[in-house]
Structure formats: structure tokens, C-alpha cells
Amino acid sequence: MSFQRTCYNILTPHSDAHEFKTLSKIFDFALVILILVNVGAMMLETVPGLSPTWQRELHTIEIVSVLIFTVEYLLRVYSSAAAPSRHGEERRSAKKKRWNYLKSPMAVIDLMAILPFYLSMFVALDLRILRVFRVMRILKIGRYSRSMQTLLTVLRNEAHSLGAAISVLLVFTVIAATCIFYIEHTAQPEVFSSIPASLWWALVTLTTVGYGDAVPITTLGKVFGGFITIMGICFYALPAGILSSSYTAQMQLKRDRFTDTVRTALDDGHLSEHDKGHIERVRDLLDLDEEEAHLIVRLLQHHHSTSPNPNADKRPHT
């Protein structure tokens, strides 16, 4: 196996690696620890009164982390040419594979995690901006978190619905800000000085936060504010409902795929050691709870043993 393909299999999450799964798992664990240590060091740097000795230690952690992240990023770009083509896709050139990786979200996060450090050597950057970009390194964990990957899948699948819901929210926020401006401007010209200034009140009221820095004092304004608060509970529940239902559907899809795998393995009436190993790998790949997966297996085994014709439920209904 070439060095390029070896790097690809080690750097890719161990669940997706075709070879060197153990090394890939060790690398995943080590990188997650490094990311957590780096983010923790970044947070400690903001603690006032930290001794100069610790400041030097934290700076050393930053330099070592950036060097490791840089080597990791370069190796990912180099080894991305060894990525297998997806099913149904034509074979792509190494240059095209690298370009597809470079414009992927995780590659952009990897680049943003190291770029500010090198830019600060040549450009005068505000340290606060540098820290903001450094905290993005924690997003690198998303590569190894299947829960994060499921959430990203949900966001991609529901992008259209979320966009429509957010559009409705924005329109309603502008309408609320316009109405409260004309209701309260005469009574509070400093607080509700303009429609853009009233947008803050509309936003915090619709989200039912209500910080209290902008409050209607007229009777009509209070009535309108109560109406907006009630409407906010309804409207701002839309995106949460869309995400929760889609996330539940994704988890149910994983359970269905796992169930189909177990049913296929039970076709011959029993589970061999090979079947059990395959089922466990599928469970791990789908990120299902171990207890829930074992319950599904036991239920299907019980159904298979008590059913007079295990394949009867597979026959099409007429």
C-alpha cells in the first residue's frame, strides 16, 4: 500500500477507514485530546493574574498544537487524492479530489484553525480576533462525532424548510419593529428612535427573552408587546420543530437499517460469530446505543424462533 493511501486510511475517521483501523482509532483519540487541550489552554490564557511561567507553558502548547494541526492539514490535502470514488461516480483525477476536499466544510475549518497563527506573523492582528478563530478548532471534533454528522445531515436535508421558516421570522420581526416604533416613538423617542433601533426590541420579545432595556409604556404598546410575545412562542418553535422531527427521522432510519441487517443475518436461523461481528460493526457505524441494539437483536431472534415461517412477513401482500 502506498504512503498516500496509508495516510488517507489513518487520517480518516476509523469508522470510514478500509485499512489500519486500529491506527486510525488511536489517531482520532489523540487528535481529540489535542483539540481539547488546545481549547482549554486558549481559555486559560484569558484568566487574569496567571503567572508568566504558565503563560510560557500555554504559549508552548499553542505552538506545538499549530505545528501538529499544520502537518495534519497538509497530509489530509496530500492524501485526499487517494479517496475512493463514491458509488455511481466516475473516477476523478487526483487534482479534482484534492480540490473537492479543499472546498469541503471540514477542510475550511482545518484551515481556519491554523491560518490566523501564521497571519499574525506578517499582519498585525487583534489578539481577540485571533482567539475567536482559535476556538473554531473545537469544531474539528465534528469530524469524529457521529452526532454532529447526523445534525449536519439534518441541516442539509431540511435547509429548504429552515430557510422558509427563518424567512417568515425575519418578515414578522420587521413588521413587529415597525408597529412598535409608530406606537411608542412619541412616548419614548430615545428608546424607539427608529425602526432599525426597534428591531432589537422585536427580536428579544419574539424570542421571549425580554432584557428590559426597551419596554413599551403605553397601553397600546403593552397590549401589542403581549401579542408579539405569544406569537413569538409560536413562530420561533417552527425551526426547533423542524430540526427535532428530522433528527428523530434520521435516528429511526438508522434503526431500520440496523434491523434490516439483523434480519438478513437471521435468514439461516442463527447468528454465527461472523454475523455477530458484522452486526456489531454496523451498530458502531450507525452510532446506535448498545443496549437498544441488543434489544432489537433479541426481539428479532425471538420473533424468528416463534414464527412458523420466518420469511412470511417478507412476502408481498396481494
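1. Basis. The model is predicted, with local features needing pLDDT of at least 70 and side-chain atom pairs counting only at pLDDT 80 or more, while totals for chains, interfaces and linings use all residues. Residues are numbered from 1 along each chain as its sequence is written, and side-chain values use heavy atoms, leaving out hydrogens and water.

2. Cysteines. The count of disulfides is 0, where a disulfide is a pair of cysteine sulfur atoms within 2.5 Å. Cys 7 is buried because its relative accessibility is 8%, and Cys 179 is partly exposed because its value is 30%. Buried means under 20% relative accessible area, exposed over 50%, and partly exposed in between (1.4 Å probe, protein chains only).

3. Helix α5. Helices are DSSP runs of H or I with at least four residues, numbered from the N terminus. Helix α5 covers residues 105-122, and its 18 residues reach 26 Å from first C-alpha to last, close to the 26 Å expected. The expected span is 1.5 Å times one less than the number of residues. At Leu 115 the helix α5 bends by about 35 degrees, and Pro 116 follows within four residues. The bend is the angle between axes fitted to the seven residues ending at a residue and the seven starting there. Pro 116 is also among the buried residues of α5, which include Ile 109, Ala 113 and Phe 117.

4. Val 191. This residue sits in the loop between α8 (159-184) and α9 (195-206). Val 191 counts as partly exposed because its relative accessibility is 30%. Leaving aside residues up to four places away in sequence, Val 191 touches Asp 213 and Ala 214; contact means heavy atoms within 4.5 Å. The C-alpha atoms of Val 191 and Asp 213 are 8.4 Å apart, although 22 residues separate the two along the chain.

5. Helix α9. The 12 residues of α9 should span 16 Å, and the end C-alpha atoms are 16 Å apart, which agrees. Buried residues of α9 include Ser 198, Trp 201 and Leu 206. Among what covers the buried residues of α9 are α8 and α10.

6. Helices α10 and α11. The axes of α10 (residues 219-235) and α11 (residues 237-265) come within 5 Å and cross at roughly 15 degrees. The two helices are therefore roughly parallel, a term for angles under 35 degrees. Gly 232, Ile 233, Cys 234 and Phe 235 of α10 make the contact with Ala 237, Leu 238 and Pro 239 of α11. Axes here are lines fitted to C-alpha atoms over the stretch in contact, with angles running from 0 to 180 degrees between N-to-C directions.

Conventions
Parallel < 35°, antiparallel > 145°, perpendicular 65-115°, else oblique.
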